[in-house]
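Please keep the sequence and the model in view while reading.

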Amino acid sequence: MLITSPGRLRKRGIVGMNKRNVVYIGQNNKRKFYPRVDDKLITKILAEEAGIAVPRLIGVARYQRHTKQLAEFLAQEKAFVIKPSKGSGGKGILVIVGRDGNDYLKPSGSRVNDQALRRHVSDILSGLFSLGGRPDVAMIEELVNFSDVFEGFSFEGVPDIRIIVYKGYPVMAMTRLSTRESDGKANLHQGAVGVGIDIGSGKALNAVQHGQPVEIHPDTGRNLNELEVPDWPVFLDLGARSYEMSELGYLGADVVLDKFKGPLILELNARPGLAIQVANNHGLESRVARIEEEIRTCQRNPSERVAFSMQHFAS
Amino acid sequence: MKTKLQLIIMIVTLLALGFGTTLYKVKVLGFSFSPDKEETVWTVESTIDFEADGGPVKVSLNMPDNSAGLAVTEAHKETSGYTFSRNVKGKERRGTWISKEDKNGPQRIYYRVNIYRRHSSPTVTSGSAPALPELSQPFTEAYLAAADTLLEESRESAEDAAQTSTNLINNLNDPEKNEAAALLLKMPRESGGYLSLAQDLLTKSQIPSRISKGLLLDKNNKKKKLTSYIEVFDGKKWLLINPKTAQIEDPDAFLLWQQNHESLLEVEGGSNSKVRFSSITTKILANQAAIKSGHQQSSWLIDFSIYSLPLSSQNTFRLLLLIPFGALIVVILRNLVGIQTAGTFMPILIALAFLQTKLIVGLILFITVVGVGLLMRSYLSHLNLLLVPRISAVLVFVITIYLAISVIGVKMGSELGLNVTFFPMIIISWSIERMCVLWEEEGGKDALIQGSGSLFTASLIYLLMINDFVGNMIYAFPELLLVLLALILMIGTYSGYRLSELRRFEPMGRE
């Protein structure tokens, strides 16, 4: 069978693009709140104000003249990340893991001298990496010390956890594991593996590559069933609290696990995709309906919402 | 929910307006869905000849009237040396020519009208019947008895006023078989003769009637005479009866020129006046006829429409009106089918270019330009240029490619390559830029999917745009845009699955 029937999808509660756009995003996400998630600097400032754990912001370069002060400003920082505030698709992110004399070291071991670093920041400011080429600002934040619990689950890099939050209730979660085929990118339709994560326990539920179920990671050979996210309620709590902060009713929160600081929100997304349903082998519809029903009767704080979700959306 | 209701009301209103106007134009104004349908138009010319007496001259001619079935437009009314004016007195419309200076000798005045068939349903006069005309002269004793007998006979087998009238006229036409009729026809009359007798008899049997003079528009005729008809009111509408045959004639073919006792032609300052009529028929497109007769009736639907524009602008709009169809196709393909395109409305612009180049040539040219452009653009990626300089560089590439294709084409003896200039270069540049970024970020597969999606969409739009039926429909019925808008609004709120999602989520549909 190459295609399925709308009836079957409906029965399983699968949400399509049109429904996501018209109902979930259209009715829950006010346009004026979009900058809160589209501009990572605003996200970070709001998150810090709300006490939501994020990688610490070291500084912001707003004007070209700031580039000259970079060396001095970063003198005390060993490892950091420079990224465009309004970048898309991971473009323009420069990761520095250490120092060697006056040079900076990239994760690959190659060196970046002071001039190249300045140039990179200058490129960010002039909008090289932002959508539509608009001028941008460069954020410098501390490097996440990725926990090694996900070792072997990804071909390159460290996976983050995507949690879909509906009106403050975590509804579904997944992680995207890069493969050789996806060229190290965590992009599902380029061949990355999507692993659905049980809201109730943080354990892997189901893994898919190209929409087809897989058991082991195609490159590392690791059994994907063994994947389990530690401190799971903390992850969910971060997701739930980002609702109050962003006021977006349909939200995707990308959370990473730091070895020392625990889960941190990396970024938020106002238009989270629908592949999560495939990774979970479960539709969003019924869970969203359950939450709508719940909201009509009572209002809850984030930790109560997490408890509710863990109880009702566990597999 | 409030917005939902608003939207439904809006959609229903748009649909009703769009379809309602279309239907009105078809049913009442005579527009046709098939663009090639032809209508007959009559041109009736009246020629007035007279001898001027050497002084000022005033000529007045009773003018033909609009009827329920026929629309009359003046085609030619000015005659040199005369000023023309139109005056209306009661129901009587007259045209008057007054000489600008003294006239002597034979004079000729032309008056020409075009007549279009109207498509309104016959006017049904509801409520009160028209008043009975007064008897032109009373029936005296013997004649009264004869009249009663004749009416009695005429009514005998008749079911309604129409039949009574035709029976009556039949009887009057056959005095050899009908004594009463023979007697009545011998009755001395002050004026009017036969027709006035028939009218009096009809009045006596309580059937309102009137005598009309006009032309029967049947075929080309050089010499036509005004003929007299009796119109009778059957309680609902006027029926036109030919007094010679007692047949009920089609009022749509009767050009009413004169009613009751209006005079046809009056000439002051001249003698030996006479008026002649001739008619020719021509065929014109039904929609053209509808527009002309609409103008004449000063129907605001026609007056405030595309047809009031100069012809050249009308042609521009003919094309512009098709663009919303392109938008509809894009909306359908993106939101219902789930085809990805590079740039939302880029396919529409490509389709417009295809209109100039024709499909196959257009496709080849497009693929060549974008393909070469992508290769050249991919080199720019290494240079880390800023956005605007990057696009500008791509634009230079695109123009260069245009030039190269044209030159190479011409050198090889084919001018087809010159068609490449019809492609909008800014849009092509942006498309190349977007596809290249997509290629880098998501991979070549995605870029190809979007590229071919765009071409597929553009081809569909092109096929729709060259379709004569669609083109003529939207040109004849621009109000269908409202229907289009309603459709777009409907799709805008569609929250069901896209066709592509039935494939994408196929594994989820398995048991």
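A helix is here a DSSP run of H or I with at least four residues, and helices are numbered from the N terminus. By that definition, Ser165(B) belongs to helix α3 of chain B, which covers residues 161–173. The model is a predicted one.

**Domains**

- Chain A is assigned two domains: domain 1 consists of 6–37 + 148–312, and domain 2 of 56–142.
- Between the C-alpha centres of domain 1 of chain A and domain 2 of chain A there is a distance of 29 Å.
- For chain B, the assignment gives domain 1 (38–121 + 265–294), domain 2 (141–259) and domain 3 (316–504).
- In chain B, the C-alpha centres of domain 1 and domain 3 are 56 Å apart.

**A four-stranded sheet in chain B**

- An open sheet of chain B is built from 4 strands, arranged in the order β4-β5-β2-β13 with antiparallel pairing.
- Its edge strands are β4 (82–89) and β13 (265–268) of chain B, each of which pairs on one side only.
- On average, and with direction ignored, neighbouring strands of this sheet are turned by 15 degrees against each other.
- In general, the strands of a sheet pair through backbone hydrogen bonds, in either a parallel or an antiparallel manner.

**Strand pairs within the sheet**

- β4(B) and β5(B) are joined in the antiparallel sense by 8 bridges.
- One of the residue pairs is formed by Val88(B) and its bridge partner in β5(B), Arg93(B).
- β4(B) and β5(B) make a hairpin with 2 residues between them, and Gly90(B) in the turn has a positive phi of about 60 degrees.
- Strand β5 of chain B (residues 92–99) is mostly covered, with 6 of its 8 residues buried.
- β2(B) and β5(B) run antiparallel and are linked by 5 bridges.
- Strand β2 of chain B (residues 58–62) is also joined to β13(B), by 4 bridges and again in an antiparallel arrangement.

**Helix α15 of chain B**

- Helix α15 of chain B (residues 468–476) is mostly covered, as 7 of its 9 residues are buried.
- These buried residues are Val470(B), Gly471(B), Asn472(B), Met473(B), Ile474(B), Tyr475(B) and Ala476(B).
- The N-terminal end of α15(B) is capped by Asn467(B), which has a side-chain oxygen 2.8 Å from the backbone nitrogen of Phe469(B).

**Two buried residues in helices of chain B**

- Lys25(B) is located in helix α1 of chain B, which spans residues 2–27.
- Lys25(B) counts as buried because its relative accessibility is 1%, where the cut-off is under 20%.
- Apart from residues up to four places away in sequence, Lys25(B) touches Gly30(B), Phe31(B), Leu301(B), Tyr307(B), Ala476(B), Phe477(B), Pro478(B) and Glu479(B).
- Among these contacts of Lys25(B) is Ala476(B), itself a buried residue of α15(B).
- Ser165(B), in helix α3 of chain B, has a relative accessibility of 0% and therefore counts as buried.
- With neighbours within four places in sequence left aside, Ser165(B) is in contact with Leu202(B), Ile207(B), Val232(B) and Ile241(B).

Technical notes: Residues are numbered from 1 along each chain as its sequence is written. Chains are lettered from A and ligands numbered from 1 in the order in which they are written. This is a predicted model: local features need pLDDT of at least 70, side-chain atom pairs count only at pLDDT 80 or more; totals for chains, interfaces and linings use all residues. Side-chain values use heavy atoms; hydrogens and water are left out. Domain bounds come from an automatic or database domain assignment. Buried means under 20% relative accessible area, exposed over 50%, partly exposed in between (1.4 Å probe, protein chains only). Contact means heavy atoms within 4.5 Å. Two strands pair if DSSP finds at least two bridges between them. Axes are lines fitted to C-alpha atoms, for helices over the stretch in contact, and angles run from 0 to 180 degrees between N-to-C directions. A polar contact is a pair of N or O atoms within 3.5 Å; within protein, one must be able to donate a hydrogen and the other to accept it, and residues adjacent in sequence count only if both atoms are side-chain atoms.
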